[in-house]
Amino acid sequence: MEGLIKGLVDVALGADREEERGERSWADLVSGDQDQDHPPLPPPPHQQQHWSNTPHKEEQWQEDSHSYRASNRPHQLNEQYRPQYEESQSERFNTSKTPHKLDEDQDGWQTVGKPSRQTHKVPKENWHSYKLPSDEQEYSNDVEVRAAVEPSEDELADLSRACDKLWDLDLNRLTPGKDYEIDCGEGKKAYQKEDMAQGSLFTWVSDDVFRKPTLARFLSLLDNYNPHQGCKEVVTSEERQEQASFIEEISRTAPIKYLHKYLASKGIASGSYQDFKRMMTDLWFDLYGRGGTSGSSSAFEHVFVGEIKQSGEVSGFHNWLQFYLEEEKGRVDYQGYIFPHRRGQIPDSETQLLTIQFEWNGVLKSVSSTLVGVSPEFEIALYTLCFYVGGEDNHIQLGPYAVNIKCYRLGNRIGSIFPIADS
């Protein structure tokens, strides 16, 4: 028995070391230098006969992956879906860009960032209700775009077309200059240590954004985690309710409805929407081991919240809302964008696919990529689709962006998944 336990510990620690090597080589390549009581999740179709419990190297990129290439083909957002959806999904508020005094408790974190160009307190008036029992929750009306959420034969045969359809269906995606503003600052190579940004990445974000139901519920989840890898997570009953209510809220949106239709058509998900929602909850929120400690991580925590390894590296953290919140609290110090491989494709305030460098609580993330202004339901749908239907590299089109969705698996779990600007 002692030998078995020692063997399991060695596997877990070895996996963490492999992940660290993967992240280091990822940064070098970019810069040009060298356990819970739930039934098992269905594996991706190509893995159904052989699941591996050994994680792949995490976040190892190719240098030529870093470019901001826009597609030459015309692309229009399907505006016919938007008016009715916005009426049911978003409350009407007057947009205010007036600065507010920040009085957030820093929870023992180190303040490392530059002074924000506009300190701003995120509206949280509804957050307490997300912890209430299910029979006391209030949700948005289901979006009415029935024909749009039925995948076509072309989309079922082509992952890129399906992902591009999700982009069209993201009716909560924000508009740069209207809903928020960013300042990318100056560019740098990943290995360069100089801070190339004089200020914060986000100049301002409208209050209306934080009152959108799916975004508000997503934001309420972000403080449920201990970001230090290897610390066992303790999930309270209220936090489980927040998870369930988030899945319920996004399940009423077009991207998630489309995802369900797609996976059901492929025989990956049950035709029952209730079963599908349970599957999504398990996939994103079930705890698993990382860094040698069981129950210390989850797909949601790693991808969206981020983790700090014991070796002193930031892992995961690929969400723009988490970045904005941490930047406003002074925990994130934006240090500039990473030069794209192709000349002439420099990001600006309109860019919604960024490759950047930053410090989080004094710990450097040499290279990180994120989709800016997209909705939580879009990212959940996109990453779930690529996990179940795609492979490690998923070269797709998202509106004007050619993207590689990089997907690493921990057995039948999401180890890490994130976008890379495709070359």
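Trainee: Are Glu155 and Lys165 buried or exposed?

Mentor: Both Glu155 and Lys165 are buried, where buried means under 20% relative accessible area, exposed over 50% and partly exposed in between (1.4 Å probe, protein chains only). The model is predicted: local features need pLDDT of at least 70, side-chain atom pairs count only at pLDDT 80 or more, and totals for chains, interfaces and linings use all residues. Residues are numbered from 1 along each chain as its sequence is written, and side-chain values use heavy atoms, with hydrogens and water left out. pLDDT is the predictor's confidence in each residue, from 0 to 100; the protein chain averages 78, and 70% of the residues score at least 70.

A salt bridge here is a side-chain nitrogen of Lys or Arg within 4 Å of a carboxyl oxygen of Asp or Glu. By that rule there are 17 salt bridges. In the pair you asked about, the closest N and O atoms of Glu155 and Lys165 are 3.6 Å apart. Glu155 sits in helix H3 (residues 153-157) and Lys165 in helix H4 (residues 159-169), 10 residues apart. Helices (H or I, at least four residues) and strands (E, at least two) are DSSP runs, numbered from the N terminus.

Asp286 and Arg413 form another salt bridge, again with 3.6 Å between the closest N and O atoms. Because Asp286 lies in the loop between helix H9 (273-285) and strand E4 (288-290), while Arg413 is in strand E13, this pair ties together parts 127 residues apart in sequence. Asp286 and Arg413 are both buried. Strand E13 covers residues 413-421, and nine of its nine residues are buried.

E13 runs antiparallel to strand E12 (residues 401-410), joined to it by eight bridges; two strands pair if DSSP finds at least two bridges between them. E12 and E13 form a hairpin with two residues between them, and Gly411 in the turn has a positive phi of about 65°. Across this pairing, Lys406 stands opposite Phe418 in E13.

Lys406 also forms a salt bridge with Glu392, the closest N and O atoms being 3.7 Å apart. Glu392 is in the loop between H12 and strand E11 (393-398) and Lys406 in strand E12, so the pair ties together parts 14 residues apart in sequence. Lys406 counts as buried at 7% relative accessibility, whereas Glu392 is partly exposed, with a relative accessible area of 33%.

Finally, Asp142, Glu248, Arg252, Lys257 and Lys277 are linked in a network of salt bridges.
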